[in-house]
Amino acid sequence: QPPSGLLRLRAAVLHHFLPCDKSIFGMLKDPVYLGFLAVTLFPFFSARVLFYAFILLLLWASPDQVDEYQLVCFILSAKGMQFLTSGM
């Protein structure tokens, strides 16, 4: 069992980046989400890759099963940002 401080960090980061109770309009009003979005839109110096690796590590470090909704949102977000930042 990871320390409770790490679980709180995990919960806070995942709730801001992959919330299950907010629409896209609610997420765009969240300044923490906008900071995360800015990191994912920055294609240089592997910032996007490191950020998504960190999010995947947080999803994997769950004390119970990985939430399927957050995992699907993670995959769609990662592939969408990959297309927007390096596919055009």
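Phe-17, Tyr-33, Phe-36, Phe-51, Tyr-52 and Phe-74 come together as one aromatic cluster. Keep in mind that this is a predicted model. Across the whole structure, a search turns up seven aromatic pairs.

**Phe-17 and Phe-36**
- A pair of aromatic rings is described by how far apart the centres are and by the angle of the planes.
- For Phe-17 and Phe-36, the centres are 6.0 Å apart and the planes sit at 80°, an edge-to-face pair.
- This pair links distant parts of the chain, since Phe-17 belongs to helix 1 and Phe-36 to helix 3, 19 residues apart.
- Phe-17 has a relative accessible area of 4%, so it counts as buried.
- Phe-36 is buried too, with a relative accessible area of 17%, which is under the 20% cut-off.

**Tyr-52 and Phe-74**
- Here the ring centres are 5.7 Å apart with the planes at 65°, so this pair is edge-to-face.
- Tyr-52 is in helix 4 and Phe-74 in helix 5, so the pair ties together parts of the chain 22 residues apart in sequence.
- Tyr-52 is buried, at 8% relative accessibility.
- Phe-74 is buried as well, with a relative accessible area of 8%.

**Helix 1**
- Helix 1 runs over residues 4-17, which makes 14 residues.
- An α-helix has 3.6 residues a turn, so residues three or four places apart point the same way.

**Around Leu-41**
- Leu-41 is part of helix 3.
- Is Leu-41 buried or partly exposed? Leu-41 is partly exposed, because its relative accessible area is 43%, and that value lies between the 20% and 50% cut-offs.
- Leaving aside residues up to four places away in sequence, Leu-41 touches Met-81 and Thr-85.
- Leu-41 and Ser-86 are 45 residues apart in sequence, and their C-alpha atoms are 9.8 Å apart in space.

Methods:
Residues are numbered from 1 along each chain as its sequence is written. This is a predicted model: local features need pLDDT of at least 70, side-chain atom pairs count only at pLDDT 80 or more; totals for chains, interfaces and linings use all residues. Side-chain values use heavy atoms; hydrogens and water are left out. Helices (H or I, at least four residues) and strands (E, at least two) are DSSP runs, numbered from the N terminus. The expected span of a helix is 1.5 Å times one less than its number of residues. Rings of Phe, Tyr and Trp (its six-membered ring) pair if their centres lie within 6.5 Å; planes under 30 degrees apart count as stacked, over 60 as edge-to-face and the rest as tilted. Buried means under 20% relative accessible area, exposed over 50%, partly exposed in between (1.4 Å probe, protein chains only). Contact means heavy atoms within 4.5 Å.
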